[in-house]
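Here is a short briefing to read beside the model. Take a moment to orient the view, and then follow the topics below.

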Amino acid sequence: MDVANKSTMFELVLLGLCNSWELQMFFFMVFSLFYVATMVGNSLIVITVIVDPHLHSPMYFLLTNLSIIDMSLASFATPKMITDYLTGHKTISFDGCLTQIFFLHLFTGTEIILLMAMSFDRYIAICKPLHYASIISPQVCVALVVASWIVGIMHSMSQVIFALTLPFCGPNEVDSFFCDLPVVFQLACVDTYVLGLFMISTSGIIALSCFIVLFHSYVIVLVTVKHHSSRGSSKALSTCTAHFIVVFLFFGPCIFIYMWPLSSFLTDKILSVFYTIFTPILNPIIYTLRNQEVKIAMRKLKNRFLNFNKAMPS
């Protein structure tokens, strides 16, 4: 991108979700509560898993990393949106816009691979329990997490490099509350049909393919669990159901947005809110309310904290 081109796009205007002041104040309160709840809930999961030795297993190691990614995904754009509602300053620099695109695809790409790693962990635990310890070792878990971040970085770099090659020549209003390629390439002075094909091939098909693989693996797991009626199988069914709820609610909006990049902006806005604000809070809710081990560990952590406060001299 040449200097003149970049100068015309030096500052972008984020139109946000609506123009109504009353609705903006409503969104400010709701999204602020969701953001705080997301950070507190996911932080509790991370602290609980680290502190409680009973949770030092591959599944909870992956869950901890998922919580970290969810906190990051909730933070790349939501704090700015909340601040914008108060200040009314809904602009972002072109470099800031590229930064949002980078982190959005970094965290979503990383989460996609991590969710696949978690499904692989549950598949081995339920379908090949005798080989679980030898296949899912601590080294393998670390490798899976590192691989997820590497894939996320590579994917996000490809999106940013593509955005840098787009020719911009005037319009600077982004019809969303954050920057992403489906809305940013609407400002480019080229045929959006070709850009839409790029989005479908680099993000839409990848997300859809990963979802199909995940869906297939969970079907196998659930069929395996169905043939057992023990208490352990019931626990496995509960865990896998929780995993699949997270997968479905995360992949659904992503697949729709990137498979149909030229769809209604209103629909895209609603789905964007869902997977950047609502989905990150589902992780602590689903994994704590449906997981007895985590609830017991959190209760112990709370009791330890209360006992520590009582022991402190007044």
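Axes here are lines fitted to C-alpha atoms, for helices over the stretch in contact, and angles run from 0 to 180 degrees between N-to-C directions. Helices (H or I, at least four residues) and strands (E, at least two) are DSSP runs, numbered from the N terminus. This is a predicted model in which local features need pLDDT of at least 70 and side-chain atom pairs count only at pLDDT 80 or more, while totals for chains, interfaces and linings use all residues. Residues are numbered from 1 along each chain as its sequence is written, and side-chain values use heavy atoms, with hydrogens and water left out.

**The chain as a whole**

- The protein chain has twelve helices and three strands.
- Of its 314 residues, 48% are buried (under 20% relative accessible area, with exposed meaning over 50% and partly exposed in between, for a 1.4 Å probe and protein chains only).
- Contact means heavy atoms within 4.5 Å; among contacts in the protein chain with a separation of 6 or more, 79% are between residues 24 or more positions apart.

**Helix α2 with α4**

- The axes of α2 (residues 21-51) and α4 (residues 78-87) come within 9 Å and cross at roughly 145 degrees.
- Their crossing is left-handed (the near helix is turned anticlockwise from the far one by less than a right angle; clockwise would be right-handed).
- On the α2 side the contact is made by Q24, M25, F27, F28, F31, S32 and Y35, and on the α4 side by T78, P79, M81, I82, Y85 and L86.
- By class, this contact has ten nonpolar, three polar and no charged residues (Ala, Val, Leu, Ile, Met, Phe, Trp, Tyr, Cys and Pro count as nonpolar, Asp, Glu, Lys and Arg as charged, and the others, Gly among them, as polar).

**Helix α3 and its two partners**

- α2 and α3 pack with their axes 9 Å apart, at an angle of about 155 degrees.
- The two are therefore roughly antiparallel to each other (over 145 degrees; under 35 counts as roughly parallel, 65 to 115 as roughly perpendicular and the rest as oblique).
- Their crossing is left-handed, and the contact includes Y35, M39 and V46 of α2 and L63, I68 and M71 of α3.
- The residues of the contact of α2 with α3 divide into ten nonpolar, six polar and one charged.
- α3 (residues 58-75) also meets α5 (residues 94-127): the axes come within 10 Å and cross at roughly 160 degrees, which makes α3 roughly antiparallel to α5.
- α3 passes α5 in a left-handed crossing, with L62, L66 and I69 of α3 and F107, L114 and M118 of α5 among the residues in contact.
- That contact of α3 with α5 has 13 nonpolar, four polar and four charged residues.

**The sheet**

- Three strands form an open sheet of mixed pairing, in the order β2-β1-β3; two strands pair if DSSP finds at least two bridges between them.
- β2 (91-93) and β3 (173-174) are the edge strands, each pairing on one side only.
- β1 (residues 11-14) runs parallel to β3, joined by two bridges, and L14 stands opposite V174 in β3.
- α5 packs on the sheet and touches β1 and β2, its direction making about 90 degrees with that of β2.
- β1 and β2 run antiparallel, joined by three bridges, and L12 stands opposite I92 in β2.
- In a regular strand the side chains alternate between the two faces of the sheet.
- β1 has L12 and L14 on a covered face, and E11 and V13 on an uncovered one.
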